Amino acid sequence: MSFQEKNITASLANFALILAFYLVRLFQLARGGNFEQGSVFRLWGIVVVLATVGTIAIMIVTHIASNVIHTIQTRDERPLSDVQDERDQLIDLRGTTIAYRVLSIGVALSMLTLVLGQPPLVMFALLIFSGLVAQIVADIARLYLYRRGF
């Protein structure tokens, strides 16, 4: 597995766990009758902190573990290179394009909830959901492109 694939896999696992946490917490709020502005905004803050801190921590652990495993396997003390070539940049660009498209569809669907008479808080919760889903779909697309060989 290449350096970029390891990073993408770590990011995918991180955002999948954050999405699972977000959905479980959101359903708990809805079932408990506590689906109100303060609790949803608090949940949003937790998701943003988890995404930021979790991504940084997982990337650091992935880099360290990759270099340790590489050193043990090859007996070579040179760190793995994280240099990106044109292929890596094109794969990243395609993943970003897919993320923007998924997010755009999510934003349109969340705006549709206002037209259907739902409160703005539902729209806000769907915006967060679509952002997380867009990141996950983009990571899956990037992994697919790396595995396919572009």
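Guide: A pocket here is an open set of grid points with protein on both sides within 12 Å along at least five of seven lines, and a lining residue has an atom within 4 Å of a point. Please keep in mind that this is a predicted model.

Visitor: Fine. Which residues line the second largest pocket?

Guide: Its lining consists of Leu23, Leu26, Phe27, Ala30, Phe35, Val122, Ala125, Leu126 and Phe129. Helix 1 and helix 4 each contribute at least two residues to that lining.

Visitor: And how does that lining divide by class?

Guide: The lining of the second largest pocket has nine nonpolar residues, with no polar and no charged ones.

Visitor: How much space lies in it?

Guide: The second largest pocket holds about 160 Å³ of space.

Visitor: Now the largest pocket. How much space is there, and which residues line it?

Guide: About 180 Å³ lies in the largest pocket. Its lining is made up of Gln4, Asn7, Ile8, Ser11, Met59, Gln84, Asp88, Asp92, Gln135, Asp139, Arg142 and Tyr146. Helix 1 (3–31), helix 3 (86–115) and helix 4 (120–148) are the elements that give two or more residues to this lining.

Visitor: What classes of residue are found there?

Guide: The lining of the largest pocket comprises three nonpolar, five polar and four charged residues.

Visitor: Let us turn to helix packing. At what angle do helix 1 and helix 4 cross?

Guide: They cross at roughly 155 degrees, and their axes come within 9 Å. An angle over 145 degrees counts as roughly antiparallel, so helix 1 is roughly antiparallel to helix 4. The crossing of helix 1 past helix 4 is left-handed.

Visitor: What sits in that contact?

Guide: The contact of helix 1 with helix 4 contains 18 nonpolar, four polar and four charged residues.

Visitor: And helix 1 against helix 2: left-handed or right-handed?

Guide: Helix 1 passes helix 2 in a right-handed crossing. The packing angle of helix 1 and helix 2 is about 155 degrees, with the axes 9 Å apart, and the two helices are therefore roughly antiparallel. In their contact there are 16 nonpolar, nine polar and two charged residues.

Visitor: What about helix 3 and helix 4, then? How far apart are the axes?

Guide: The axes of helix 3 and helix 4 are 7 Å apart, at a packing angle of about 155 degrees. These two helices are therefore roughly antiparallel to each other, and helix 3 passes helix 4 in a right-handed crossing. By class, the contact of helix 3 with helix 4 has 20 nonpolar, seven polar and six charged residues.

Visitor: A change of topic: how many aromatic pairs does the structure hold?

Guide: The structure holds two aromatic pairs. One of them joins Phe41 and Phe124 in an edge-to-face arrangement, with 5.0 Å from centre to centre and 90 degrees between the planes.

Visitor: Where do those two residues lie?

Guide: Phe41 belongs to helix 2 (residues 37–74) and Phe124 to helix 4, so the pair ties together parts that are 83 residues apart in sequence.

Methods
Residues numbered from 1 in each chain as written. Predicted model: local features only at pLDDT ≥ 70, side-chain atom pairs only at ≥ 80, totals over all residues. Heavy atoms only, no water. 1 Å grid on protein atoms, 1.4 Å probe; cavity = no way out; pocket = protein on both sides within 12 Å on 5 of 7 lines; lining within 4 Å. Points joined across faces, edges and corners; volume = space filled by probe spheres on them. Helix = DSSP H or I, 4+ residues; strand = E, 2+ residues; numbered from the N terminus. Nonpolar A, V, L, I, M, F, W, Y, C, P; charged D, E, K, R; others polar. Axes fitted to C-alpha atoms, helices over the stretch in contact; angles between N-to-C directions. Parallel < 35°, antiparallel > 145°, perpendicular 65-115°, else oblique. Left-handed = near helix turned anticlockwise from the far one by under 90°. Phe/Tyr/Trp six-rings, centres within 6.5 Å; stacked < 30°, edge-to-face > 60°.
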